[in-house]
Amino acid sequence: MRVWMPPKLKNKNHYALVMPGSVMGIMILAFLLIISTVLIFQNSEYKPLILLLVCIGITILIIWLAFMLGRYSKKNTLLFCMHQDHLYIIDASMHIRFHRGLSGYVHMAVETYRRLEEIKEEIEKYDELPKEAVEIIKVDSLREWRHHYALVCRIKDAHEKIIRRTYLMMKGYEHEDELRMLLERKRTVSRTVEIKEDHSLFYIFVSMASLFLFIILCFFSHPSVQVLSEWLYFPLLGCAFIALYITLYLIVKYRRGE
């Protein structure tokens, strides 16, 4: 059986320590940034405006760090197997029971670590296909980015149903060129005559422009600036958050190749 395993899983797996520790680090960092900003600017006449900008900045930072942490998770839980001329994909994190709260997250990380070690043992010692393995029937899209591939494929689940699923395949696998070649072979050969034009970048541009517009209007309607009426501030702030979520959603969908 041919196996493509993440480098850190093949050598030494620190998943149970890195994931909870990273979450705690993000929370502590956000807390320290807020407290230090309040202490530094507590006597400033622009304190409300500064706190608003810091709040927006910290929110963006946390979202980015959480995104990078998600990348790390997928990089260490996604495996590929070639068994009897069939290509399989294994995502260990998809089969872990959900638990609420920080303690639940730690429990999930430990369970994921244990299952990864079990999968590794099943493959290396017993040459068995893990129960989480699902067969890749065909690949609809394989979009390459700097650190990962966005893999959109059709898989056959445990109930013999064909479903469409998206995976983030991080770069760094051993013999990665061979794996990519196998995935490229499974790409859809037939194309429709009428190719639909992709408007994703245009929608992203419009949503980003709307986001910046609402941020500027929030700034001018803030009580400390008062260029615009104060009663516009909170409605515009709500619109800014909605535009932010839409922008992030469109960017994620575009990067996933969907």
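**Entry 1: the β5 and β6 hairpin**

I began with the hairpin of β5 and β6, where five residues lie between the strands and Glu-160 takes a positive phi near 65 degrees. I noted that this is a predicted model, in which local features need pLDDT of at least 70 and side-chain atom pairs count only at pLDDT 80 or more, while totals for chains, interfaces and linings use all residues. I also wrote down that residues are numbered from 1 along each chain as its sequence is written, and that side-chain values use heavy atoms, with hydrogens and water left out.

Strand β5 covers residues 148-156 and strand β6 covers residues 162-170, and I found them paired in the antiparallel sense over nine bridges; strands count as paired if DSSP finds at least two bridges between them. Strands (E, at least two residues) and helices (H or I, at least four) are DSSP runs, numbered from the N terminus. Within this pair, I saw that Arg-154 stands opposite Arg-164 in β6.

**Entry 2**

Strand β1 (residues 2-4) runs antiparallel to β2 and is joined to β2 by three bridges, and the partner of Val-3 in β2 is Cys-81. Strand β3 (residues 86-91) is also antiparallel to β2, with six bridges between them, and here Leu-79 has Ile-90 as its bridge partner.

Which residues does Leu-87 touch, not counting residues up to four places away in sequence? I listed Trp-4, Cys-81, Met-82, Val-134, Glu-135, Ile-136, Leu-182, Leu-183 and Lys-186, where contact means heavy atoms within 4.5 Å. Leu-87 is found in strand β3, and Leu-87 counts as buried because its relative accessibility is 1%. I also noted that the C-alpha atoms of Leu-87 and Arg-2 are separated by 9.3 Å, although the two residues are 85 apart along the chain.

**Entry 3: positive phi values**

Most residues other than glycine have a negative phi. With that in mind I looked at Gln-84, which is not a glycine and has a positive phi of about 55 degrees. Gln-84 sits in the loop between β2 and β3, and Gln-84 counts as exposed because its relative accessibility is 62%. His-175 also has a positive phi, near 55 degrees, and lies in the loop between β6 and α5 (176-185). At 45% relative accessibility, His-175 therefore counts as partly exposed.

**Entry 4: helix α4**

I turned to helix α4, residues 101-124, whose 24 residues reach 35 Å from first C-alpha to last, close to the expected 34 Å; the expected span is 1.5 Å times one less than the number of residues. Among the buried residues of α4 I marked Met-108, Thr-112, Arg-115 and Ile-119. An α-helix has 3.6 residues a turn, so residues three or four places apart point the same way.

**Entry 5: the largest pocket**

How many residues line the largest pocket? I found 24, of which Ile-60, Ile-63, Leu-244, Leu-248 and Ile-251 lie nearest its centre. The elements that give two or more residues to this lining are α3 (47-75), α6 (200-221) and α7 (233-255), and α7 gives the most, with 10 residues. A pocket, on a 1 Å grid over the protein atoms alone, is an open set of points where a 1.4 Å probe fits, with protein on both sides within 12 Å along at least five of seven lines, and lining residues have an atom within 4 Å of a point.

Key:
Buried means under 20% relative accessible area, exposed over 50%, partly exposed in between (1.4 Å probe, protein chains only).
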